[in-house]
Amino acid sequence: MTTETTVLPALRQATAAAHLEIESVMRLDRLDSPASLAAALQVFESFLSACEPMIGRALPPGMREWFEHHRRAGWAAQDLDALHTSPLPRDAMADLAIGSAAQALGSLYVLEGSALGGRVIARHLRDAIGVTEANGGRYFGGRGEHTGAVWREFCALLDRHIADEPAAREQACAAAIDTFKALTRRLRDRLATAPAASAG
Ligand SMILES: C=CC1=C(C)/C(=C/C2=NC(=C\c3[nH]c(/C=C4\NC(=O)C(C)=C4C=C)c(C)c3CCC(=O)O)/C(CCC(=O)O)=C2C)NC1=O
């Protein structure tokens with residue numbers, strides 16, 4: 001038995017640098033036109049479409065049903081449709097291995113954590129470029145007023161389902177770092193080449 005009762009502080013600490021790095025690439029002020037929003041959404045849609053099935057297969061069985069109700073790739077796809085933007089080609093995500101339950105939990109920490117920005121981002125999209133849930137803001141608007149409750153639910157499930165041993169925590173932390181890095185790389189590549197202003 002360890003005395004540490006939650007894996008969350010370990011995940012936060014392990015991913016602190018990777019988190020800062022992604023924030024420097026994915027700043028809100030870069031979502032300043034429908035075209036730049038669409039470029040970012042292409043990356044999130046492609047990333048989630050590849051990661052969610054990997055995570056779903058590897059999660060502890062007791063978490064799979066919760067996960068099925070909280071997948072978000074479809075929201076990003078819906079937004080691309082509303083913005084008349086094609087999805088990117090399917091991504092094999094060869095640089096991200098999610099094989100164990102601990103790895104799936106660590107990776108899902110990153111995806112669920114990112115949803116915490118929902119309300120801030122929704123307000124920004126509405127005020128800056130007139131985007132609402134109906135015309136491209138479904139993914140970033142996220143769970144709205146339920147955001148905090150879903151996050152607390154996820155944190156409780158994380159603690160319940162992670163094996164109480166150092167190796168499981170280490171795997172979860174490594175997978176969380178890898179998830180941040182894989183997404184950061186794709187955002188950096190896409191946002192470097194995306195149009196800076198609205199293509200109309
Ligand atoms: C795209 C814009 C975008 C924005 C502007 C954004 C904003 C916020 N992210 C937050 C927290 C987290 N964010 C991440 C991961 C990513 N953050 C990112 O920006 C990207 C891209 C990520 C990865 C997918 C994680 C793991 C946590 C949990 C940290 C924890 O509690 O352990 C909070 C809450 C801050 C607080 O109240 O503590 C806000 C406001 N989220 C976005 O996706």
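Predicted model: local features only at pLDDT ≥ 70, side-chain atom pairs only at ≥ 80, totals over all residues.
Me: Why are H1 and H9 called roughly parallel?
Reply: The axes of helix H1, residues 8-25, and helix H9, residues 166-193, cross at roughly 0° and come within 9 Å. Angles under 35 degrees count as roughly parallel, and H1 is therefore roughly parallel to H9.

Me: Which residues of H1 and H9 meet, and how do they divide by class?
Reply: On the H1 side the contact includes Ala10, Leu11, Ala14, His19 and Val25, and these and others meet residues of H9 including Ala172, Cys173, Phe180, Leu187 and Arg188. By class, the contact of H1 with H9 has 14 nonpolar, three polar and two charged residues.

Me: What makes the arrangement of H1 and H8 perpendicular?
Reply: The axes of H1 and helix H8, residues 147-161, come within 10 Å and cross at roughly 105°. Angles of 65 to 115 degrees count as roughly perpendicular, so H1 and H8 are roughly perpendicular to each other. Leu8, Leu11 and Arg12 of H1 make this contact with Trp151, Cys155 and Leu158 of H8, and by class the residues of the contact are five nonpolar, no polar and one charged.

Me: What is the volume of the largest pocket, and which residues are closest to its centre?
Reply: The largest pocket has a volume of about 650 Å³. Among the 29 residues that line the largest pocket, His19, Glu23, Gly113, Ser114 and Ile121 are the closest to its centre.

Me: Which helices supply the lining of the largest pocket, and which gives the most?
Reply: H1, helix H2 (34-58), helix H5 (101-114), helix H6 (118-129), helix H7 (138-141) and H9 each supply at least two residues of the lining, and H5 gives the most, with five residues. The lining of the largest pocket divides into 20 nonpolar, five polar and four charged residues.

Me: Why is one space called a cavity and another a pocket?
Reply: A cavity is a set of points where a 1.4 Å probe fits but cannot get out, whereas a pocket is an open set. A search of the whole structure finds one cavity of 30 Å³ or more, and about 50 Å³ of space lies in the largest cavity.

Me: What lines the largest cavity, and how do the residues divide by class?
Reply: The largest cavity is lined by Leu48, Glu52, Phe67, His70, Arg71, Arg72, Leu108, Leu111 and Glu112. H2 and H5 each supply at least two residues of this lining, and H5 gives the most, with three residues. Glu and Arg count as charged, and by class the lining of the largest cavity has four nonpolar, one polar and four charged residues.

Note on methods
Residues numbered from 1 in each chain as written. Heavy atoms only, no water. Axes fitted to C-alpha atoms, helices over the stretch in contact; angles between N-to-C directions. Helix = DSSP H or I, 4+ residues; strand = E, 2+ residues; numbered from the N terminus. Parallel < 35°, antiparallel > 145°, perpendicular 65-115°, else oblique. Contact = heavy atoms within 4.5 Å. 1 Å grid on protein atoms, 1.4 Å probe; cavity = no way out; pocket = protein on both sides within 12 Å on 5 of 7 lines; lining within 4 Å. Points joined across faces, edges and corners; volume = space filled by probe spheres on them.
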